[in-house]
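User: I'm new to this one and would like a close look at a single part of it. Could you walk me through that part and then show me how the rest fits around it?

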Amino acid sequence: MKTSIAVAVAVLAILGAGAAHAQGTLEAVQKKGFVQCGVNGGAVAGFSAPDSQGVWKGLDVDLCRAVAAAVFGDANKVRYTGLTAQQRFTALQSGEVDILSRNTTWTITRDTSLGLNFVGVNFYDGQGFMVPTKMRAKGGKPAAKADKKGAAKGAAQGGITSAKQLNGATVCVQPGTTTELNLSDYFRANGMTFKPVVIETLPEVLNAYFSGRCDVFTTDVSGLVSSRASRAPKPEEHIILPEVISKEPLGPAVRHGDDRWFDIVKWSLFATIEAEEMDLTSKNIDQKASSKDPSVQRFVGATGDIGKMLGVDNKWAYNIVKQVGNYGESFDAHLKPLGFTRGLNNLWTKGGLMYAPPIR
Amino acid sequence: MKRGWFYQAALLAAAGLVLWFFISNTQHNLETRKIASGFGFLWREAGFEIGETGAIAFGAADSYLRALGVGLWNTFRVAAVGVVLATILGTLVGLARLSPNWLLSRIAAGYVETIRNVPLLVQLFFWYAIISENLPDPAEALQPLAGVFLSNRGIAFPTPWSTPALSGFNFVGGAVLSPEFAALLVGLVMYTAAFIGEIVRAGILSVGRGQVDAAHSMGLTRRAALRFVVLPQALRLIVPPLTSQYLNLAKNSSLAVAIGYPDLVSIANTAMNQTGQAIEGVAIIMAVFLSISLSISAFMNWYNRRVALKGLRR
């Protein structure tokens, strides 16, 4: 119902919106004095979750902070809107948020038919499955005594080790996600059946899984790792199966048709990646800014007019790195403590996929 | 008279103009932002599975239209069963509150005051948590009756043509009432019954004391007096507000989305999100609930005319 109201409000906003979009997003943002950023309202630790002081922290949050640093020279000029998977696109379409930075998978359908543009990828992910370690592949006959003892004794032996053993399982999943579609694709492709339990909010769907309502919880591996570390009553009782069944390039998106704003958000993301490649960090950038390296000079805005071309201050990239940090710093601060490794999200020079076009 | 017509026409024109503005403005905005529109998506493959499909067979390869049909069926199922059970429970509660038995009437009063004053959404979460957290895994399912299995996957019970048996993760065969359906049904019935109880009580109390005394003095028992004298007169006051409660129950069933019961709203929400066509989705939800509500109203109005005092019809 909550969603329906939110969607209805957003629909009304689309119905009524007209004059509001005559001016570009950049002008509108500058006028109101802050960036309105749509993040995951389900509080996904590491990506977007409020800390104990109520300050939003995470990789997706840092993207919005980077944009604010580029536009205003102040990374704190961001306001956050927590969105569910179902609310997110309507919120962006209707102008409720300026940036959607909410672990959202970039697909062609979304890019072409939803009236939005993905600016890039800030996390390369894939969908996985989490199951309790105590779960066994073939429950077999109704609860024979020996069976039960065996289960209690050896959780490791006989436990589920592959997603291929999940035929007939009940699967908890959030609606309106690519996850939901990949899930049916995977089971169909492998000739297996399943029963979905579809619950909208992350806390509720996790409750259902942890209470045993479902045999399996599926979402992007990042979400599994994050939920297991931050929400499971006993993290060691859940394993993530080795199969990664999809490509999930997660990235921020902006409204279709505003190229200038699209450029700013896109290059804010690239600046954080480029900074890591150039070994510029929030700690050393002041010191390196005085170096003679021309690429560094261009990056910090000492020479050239790159900022002006974007429509922001020439020190935009310096402000991003100084106040938010480079991509690696964000990753280490938010995701490393939860047990994430860089993997695909390492720089291209270190075997990953993170690659920014040159800033020149 | 003429001036009256003029104002009517002006109002109609103004309403039409506002509507036209909304429609054209929406179309313009959708086009400039390249947001897909139209109902063509209904025939595309849905691509997602639905946990409970009821009487309609459904797979991921079926269309959005069929998925919405499953959702409609699920909404209809919980609303229809809910209305019947809420009426029965509500009537019992209403009668219990008027009972000369002190304890019984106090319990009924406590029930009404508690249930009526706690938000329905909270109650749904409560019932869902009770059901899914307290029942055992399928492997250790309770068997209250032979062939009936009670677990956190729901109640599996035998039908004339198949019996449930544990196979792998879950029970196969028989019929299953899911925890989501059970939680939603219990929540809706308990909540609505509290209101219906008060409506029944008010209806009965509206029948003059003299009528009851007269019935008793004619030698009718308490039960007979209730059935032949009080209830027929009370019904004409009970039916109109009862209609509102039926409408509320049908509409409140859309809270299903919070606890994972695949009702129409839940499935339309998913369709909206997969296709990005929120306006069409909201329009479908509105049209369906309007139809359901108008049908209930039409039926209850017909029934109301039957029980209304003859000759007082207006």
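Which residues of α4(B) are buried?

Analyst: Before the answer, one caution: this is a predicted model, and everything below is computed from it.

The buried residues of α4(B) are B:Leu124, B:Tyr128, B:Ile131 and B:Ser132. Looking down the axis of α4(B), you'd find these buried residues within an arc of 85 degrees, so they line one face of the helix. There's a simple background to that kind of pattern: an α-helix has 3.6 residues a turn, so residues three or four places apart point the same way.

As for the helix itself, α4(B) runs over residues 120-134 of chain B, which makes 15 residues. From its first C-alpha to its last it reaches 21 Å, close to the 21 Å expected at 1.5 Å a residue.

Chain B has 9 helices and 6 strands. Along its principal axes, the C-alpha trace of chain B spans about 80 × 75 × 35 Å. Of its 314 residues, 37% count as buried. Take the contacts in chain B between residues at least 6 apart in sequence: 60% of them join residues at least 24 apart.

Now for where the two chains meet. Chain A puts 49 residues into the contact and chain B puts in 46. On the chain A side, the elements giving two or more residues are α1 (2-16), α4 (88-93), β9 (169-173), α7 (178-189) and β10 (194-198) of chain A. The largest share of that side comes from α1(A), with 8 residues. Sorted by class, the side of chain A that touches chain B has 22 nonpolar, 18 polar and 9 charged residues.

Chain A has its own layout. Its secondary structure comes to 15 helices and 14 strands, and buried residues make up 51% of its 360 residues. Among chain A contacts between residues at least 6 apart in sequence, 74% join residues at least 24 apart.

Chain A is also divided in two: domain 1 covers 2-125 + 249-350, and domain 2 covers 127-246. Where these domains of chain A meet, 17 residues of domain 1 are in contact with 17 residues of domain 2. The domain 1 side of that meeting divides into 7 nonpolar, 9 polar and 1 charged.

One is α14(A), residues 316-323: 7 of its 8 residues are buried, so it is largely enclosed by the rest of the structure. Those buried residues are A:Trp316, A:Ala317, A:Tyr318, A:Asn319, A:Ile320, A:Val321 and A:Lys322. They pack against α3 (59-72), α10, α11, α12 (294-300) and α13 (306-310) of chain A. After α14(A) comes A:Gly325, with a positive phi near 100 degrees.

The other is α10(A), one of the helices that the buried residues of α14(A) pack against. With 19 residues (259-277) at 1.5 Å a residue, α10(A) should span 27 Å, and its end C-alpha atoms are 26 Å apart, which agrees. It's mostly covered too, with 14 of its 19 residues buried.

Just after α10(A), A:Asp279 takes a positive phi of about 60 degrees, and this is a residue other than glycine. A:Asp279 sits in the loop between α10 and α11 (285-289) of chain A. It has 12 C-beta neighbours inside 10 Å, so it counts as exposed.

A:Ala43 is another non-glycine with a positive phi, about 55 degrees. You'll find A:Ala43 in the loop between β1 (35-40) and β2 (49-50) of chain A. A:Ala43 has 19 C-beta neighbours inside 10 Å and therefore counts as partly exposed.

Technical notes. Residues numbered from 1 in each chain as written. Chains lettered and ligands numbered in written order. Predicted model: local features only at pLDDT ≥ 70, side-chain atom pairs only at ≥ 80, totals over all residues. Helix = DSSP H or I, 4+ residues; strand = E, 2+ residues; numbered from the N terminus. Expected span 1.5 Å × (residues − 1). Buried ≥ 20, exposed ≤ 12 C-beta atoms within 10 Å, placed from the backbone. Domains from an automatic or database assignment. Contact = placed C-beta atoms within 7 Å. Nonpolar A, V, L, I, M, F, W, Y, C, P; charged D, E, K, R; others polar. Arc of directions from axis to C-beta.
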